[in-house]
Amino acid sequence: METDRYNAIIVGAGPAGSAAAIRLAQNDLSVALIERGERPGTKTMFGGSIYVEPTSRVIPEFWKDAPLERPLVTDEFWLLDRDSAVKVGFTGLKYKRSPYNKFSALRSKFDPWFAQQAVNEGAHLMTSTLVTDLVYEKTGLLSKKVAGVKLDSGEVIHADVVLLAEGASANLTEKAGLRGEIEKSSMFLYAKEELALPAEKIEARFNLEPDEGTNVGMIGYPTSGVAGKGGLWTNKESISLIVGGYLNQIIKKGVNPYQMISRFKAHPLVSRLIKGAETVAYKSRIIPKGGYESLPQLYDDGILVAGDAAVMISGRRGTDLAMLTGLYAADIIAQARAAEDHTSRILKGYEKKVMNSFFMKNIKKGKGGHKYQKEHPDTDYLLTKAANDAAYKFFKVGSKSSSEKMKKIRKEILDMQPVKKTVKDLYYALQDWSVF
Ligand SMILES: Cc1cc2nc3c(=O)[nH]c(=O)nc-3n(C[C@H](O)[C@H](O)[C@H](O)COP(=O)(O)OP(=O)(O)OC[C@H]3O[C@@H](n4cnc5c(N)ncnc54)[C@H](O)[C@@H]3O)c2cc1C
């Protein structure tokens with residue numbers, strides 16, 4: 001449907017925007033899904049795991065049709081030091097069969113497919129179109145409500161409600177007064193490189209069958225002394241590598257994303273995994289890392305915010321929370337349509353649903369973690385160092401008794417820094433990896 005008035009306008013065809021558009025179109029609402037990229041997925045990137053739950057809530061058995069890479073059967077965490085790594089992991093072969101758990105994916109393929117599902121349901125997708133501003137209508141002497149958007153062409157499109165699913169930069173969310181300016185200390189800057197490698201080489205290097213994939217999360221060495229993370233995903237015929245950390249610390253250290261990823265690739269335990277691979281894509285991007293304390297206002301008259309723009313990130317999860325908040329927003333928009341009332345009176349139901357969700361419990365729980373990591377950028381580095389030093393001693397065959405060896409390891413850990421700090425470092429590191 002092409003018109004200049006819709007029931008809903010959605011800004012951004014990422015996971016949040018497309019999930020909302022699918023649901024709204026299924027409910028017979030007229031929807032414009034507006035994307036600045038020439039195709040969805042060209043202006044964005046992720047690590048990347050796509051989770052079966054909640055994607056299958058939007059499209060049941062999506063794996064039969066979606067452009068996915070490999071079912072992820074192995075999850076590993078590496079505490080990576082200069083020439084060693086302490087590794088913890090799990091391989092579950094059940095995850096390679098329906099109903100699966102998660103898949104590696106490339107957003108350049110997944111996002112266009114996901115947005116196309118909205119088009120198939122009747123949504124109008126507009127690409128290469130930047131939304132530059134919001135348009136308001138007066139609802140009283142002193143009150144107004146969002147009534148549409150202005151495009152870079154100067155054209156104005158009207159709607160009963162606008163859903164901002166514009167991702168981490170959240171420019172329109174800020175313009176709407178729903179959030180303040182985003183601080184650099186509440187952002188992670190990530191770099192990603194996709195490296196092409198034949199499938200047989202990937203399978204040999206990661207001990208995989210053709211229908212299996214691996215995901216490795218890393219701390220320590222990859223981030224060049226900045227509090228942050230590295231990661232690796234196996235795709236069908238490529239490997240995705242990411243590295244990043246707090247933007248303010250990256251600036252302070254004077255490193256740039258390209259230097260960080262080059263250093264990461266050169267690590268002796270990483271370089272052997274990507275040997276002979278050719279870089280096919282390089283991107284950098286920010287994600288909101290401010291957690292609970294930096295949540296914006298989620299609604300106002302005629303407007304809602306979902307996904308990264310609403311700071312819906314918890315541990316390693318982002319696309320799923322984007323989809324869920326997109327679905328919640330779509331359900332409230334449908335209710336508002338039925339009640340013929342698109343003001344905060346109805347739309348506040350969205351905030352209630354988000355605040356009562358399981359993921360908000362996790363986001364709330366991580367409250368102290370962001371502050372702690374900001375104040376103690378050395379946390380991951382110290383934990384990594386301690387774990388690797390201890391492992392070196394533990395596995396070294398020598399002529400000391402086991403109890404003497406353990407005593408020495410214990411002493412070195414106790415001497416490293418106050419025990420209370422080590423316990424706190426460990427607590428927040430585990431929390432950041434969503435262990436509890
Ligand atoms: C390095 C990295 C690794 C990650 N790994 C994972 C992972 O493995 N699993 C996971 O679940 N999450 C991961 N995430 C997080 C995940 O990518 C995000 O949480 C998710 O993409 C948020 O979806 P969204 O729809 O809210 O925003 P986005 O995916 O950012 O989509 C927003 C869209 O809006 C468009 N847009 C923005 N402004 C405008 C405008 N004014 N007009 C028109 N269009 C506009 C953009 O071009 C974009 O397409 C990762 C993120 C990064 C950076």
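A polar contact is a pair of N or O atoms within 3.5 Å. In this predicted model, an oxygen atom of the ligand lies 3.5 Å from an N or O atom in the side chain of R285. Taken alone, the ligand exposes 1000 Å², of which the protein buries 96%. The points below cover the ligand shell and the sheet.

**Ligand surroundings**

- The ligand is surrounded by 37 residues, with E35, R36, R107, D308 and T319 the closest.
- An N or O atom in the side chain of E35 is 2.7 Å from an oxygen atom of the ligand.
- At S49, a polar backbone atom is 2.8 Å from an oxygen atom of the ligand.
- Two or more residues of the shell come from each of α1 (15-26), β3 (49-51), β15 and α9 (319-339).
- The shell comprises 17 nonpolar, 11 polar and nine charged residues.

**The seven-stranded sheet**

- Seven strands form an open sheet with mixed pairing, in the order β5-β4-β12-β13-β14-β11-β15.
- Because β5 (85-91) and β15 (278-288) stand at the edges with a single partner strand each, one side of each has no neighbour in the sheet.
- From one strand to the next, the twist averages 15°.
- Within the sheet, β13 (residues 228-234) and β14 (residues 238-246) pair in the antiparallel sense over seven bridges.
- G228 is positioned opposite G245 in β14.

**Helix across the sheet**

- Helix α7 (residues 257-265) lies across β4 (72-80), β11 (187-196), β12 (213-220), β13, β14 and β15.
- The direction of α7 is at about 125° to β14.

Terms used
Residues numbered from 1 in each chain as written. Predicted model: local features only at pLDDT ≥ 70, side-chain atom pairs only at ≥ 80, totals over all residues. Heavy atoms only, no water. Pairing = 2+ DSSP bridges. Helix = DSSP H or I, 4+ residues; strand = E, 2+ residues; numbered from the N terminus. Axes fitted to C-alpha atoms, helices over the stretch in contact; angles between N-to-C directions. Contact = heavy atoms within 4.5 Å. Near = heavy atom within 4 Å. Polar contact = N/O pair within 3.5 Å; in protein donor to acceptor, adjacent residues only side chain to side chain. Areas by Shrake-Rupley, 256 points an atom, 1.4 Å probe, with all protein chains shown as cover. Nonpolar A, V, L, I, M, F, W, Y, C, P; charged D, E, K, R; others polar.
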